[in-house]
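Colleague: I have the coordinates open and would like to go through them with you. Shall we begin?

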Amino acid sequence: MNLFSAAFDSGKVAPLADRMRPRTLEELIGQQEILGPGKLLRRAIEADRVTSIILYGPPGTGKTSLAQVIANKTTSNFIRINAVSSGVKELRDILEKAEERLHLYQQKTLVFCDEVHRFNKGQQDVLLPAIERGMITFIGATTENPYFEINSALLSRSTIFRLNLLSEHELRLGLENALKDNERGLGNYHTEITAEAFQHWVDFAGGDLRRALNALELAVLTTAPEDGIRRIDLETAIESVQERHFRFDKNGDNHYDMISAMIKSMRGSDPDAALYWFAVLLESGEDPRFIMRRIIVHASEDVGLADPSVMLQAHAAANALEWVGLPEARIPMAQAVLAIATAPKSNSVVAAINQAQEYVKANKAGQVPLHLKDASYPGAKKFGHGLDYLYPHAYPGNWVEQDYLPEEAKGAKFFDPTGRGIDKNRGKPT
């Protein structure tokens, strides 16, 4: 320690969002689904009986704050680590001291790990025995879906709690608390904020209180007082934000949620919603080829034979993307999205291929009937290949009754046209 570190007070220079972290359950904002009166996690915290848990949710929803509240409530020794920066050596040291503290003072250790989805096998191998024996209580925080990103060994020893984005009311409450608090917040700054400015921060935050508090702090600290009052209007609020943030991670859970929303909107024949999610994906920087692949798949899966031209539009859009690129290719891509959303719907293609594959997997493979076998090579007809094959174009309507399935699958039926659009059994004349 030196003179500079001794005089340093992190509480005064820390960002507003960090200074306003709740200290008690009563100060926590939101998450009533898991922390409301009588809820399991709240009861466990109040009784200081928290077992190993995984806190899963988007940024700014209070995962770290909740862990700190638990730390403030517990009699356990609290240690905070990060999965990225805490190596095996540091973890072994933590566990050694935790065991010593437990034996000497009968005090447990609570280990909070941020970004727990980044734990590697070596780190987990060190921690798992201590968690299993109850030597430490483990709290992991992650923005990623733990069922995808965290090893099953750690999941099986933990209870998962999901934290949700905060509502507009909860965001407003968090901003108002920061403006009133003289000790940790901005209460000593005399401010007047228009309703439009306040609403802009709430809209911009998208359920992330940290983002709202960061914007509020920047606006207040950079606005010069007039007659002792800092007046913040919509223009100042917009400047404090600059560019709207899209809650999106190409490698995370949200990546699949967004594309799922677009797909379901197309399937549900809602062109406006389909375009909205398509635009969000583009503005968020999603790989346009990934979007295009989903458009092509669902042109067949959700429209199919009800309007086969939609598949042609999808492939034309894919071709435009390769030749033209963004931003211009967004137009033919949008056309394909709208074509799927507004077309008559049929999933008969999906049902047909699914049933055919299930049948093939459940039954032994049939032999190709002789009349369907290849008769083009010399000597094939000596083996009976193509014998008695009836050429459909030689018959009226270009159709003739004959068996195409093997003897083992005779009578099997997979294709069931819906009758919507032009999805009809067009192979046989009626």
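Modeller: Leaving aside neighbours within four places in sequence, Asp423 is in contact (heavy atoms within 4.5 Å) with Leu305, Ala306, Ser346, Ser348, Phe415, Pro417 and Thr418. This is a predicted model, in which local features need pLDDT of at least 70 and side-chain atom pairs count only at pLDDT 80 or more, while totals for chains, interfaces and linings use all residues. Residues are numbered from 1 along each chain as its sequence is written, and side-chain values use heavy atoms, with hydrogens and water left out.

Colleague: Is Asp423 buried or exposed?

Modeller: Asp423 is buried, with a relative accessible area of 0%. Buried means under 20% relative accessible area, exposed over 50%, and partly exposed in between (1.4 Å probe, protein chains only).

Colleague: And where does Asp423 lie?

Modeller: Asp423 lies in the segment after α20 (348-362). Helices (H or I, at least four residues) and strands (E, at least two) are DSSP runs, numbered from the N terminus. Between Asp423 and Gly304 there are 7.9 Å in space, C-alpha to C-alpha, although they are 119 residues apart in sequence.

Colleague: Turning to the cores, which residues touch the most other members of the largest nonpolar core?

Modeller: Met262, Met292 and Ile295 do, in a core of 30 residues. Such a core is a set of buried Ala, Val, Leu, Ile, Met, Phe, Trp, Tyr and Cys residues joined through side-chain atoms within 4.5 Å. At least two residues of this core come from each of α15 (253-267), α16 (271-283), α17 (288-303), α18 (309-323) and α19 (330-342).

Colleague: What does Ile295 touch?

Modeller: Not counting residues up to four places away in sequence, Ile295 touches Met262, Ala314, Met333, Ala336, Val337 and Ile340. A second, separate core has 26 residues, including Ile29, Leu171, Phe198 and Val220.

Colleague: Now the strands. Which residues of β1 are buried on each side?

Modeller: In β1 (residues 53-56), Ile53 and Leu55 are buried on one side, and Ile54 and Tyr56 on the other. In a regular strand the side chains alternate between the two faces of the sheet.
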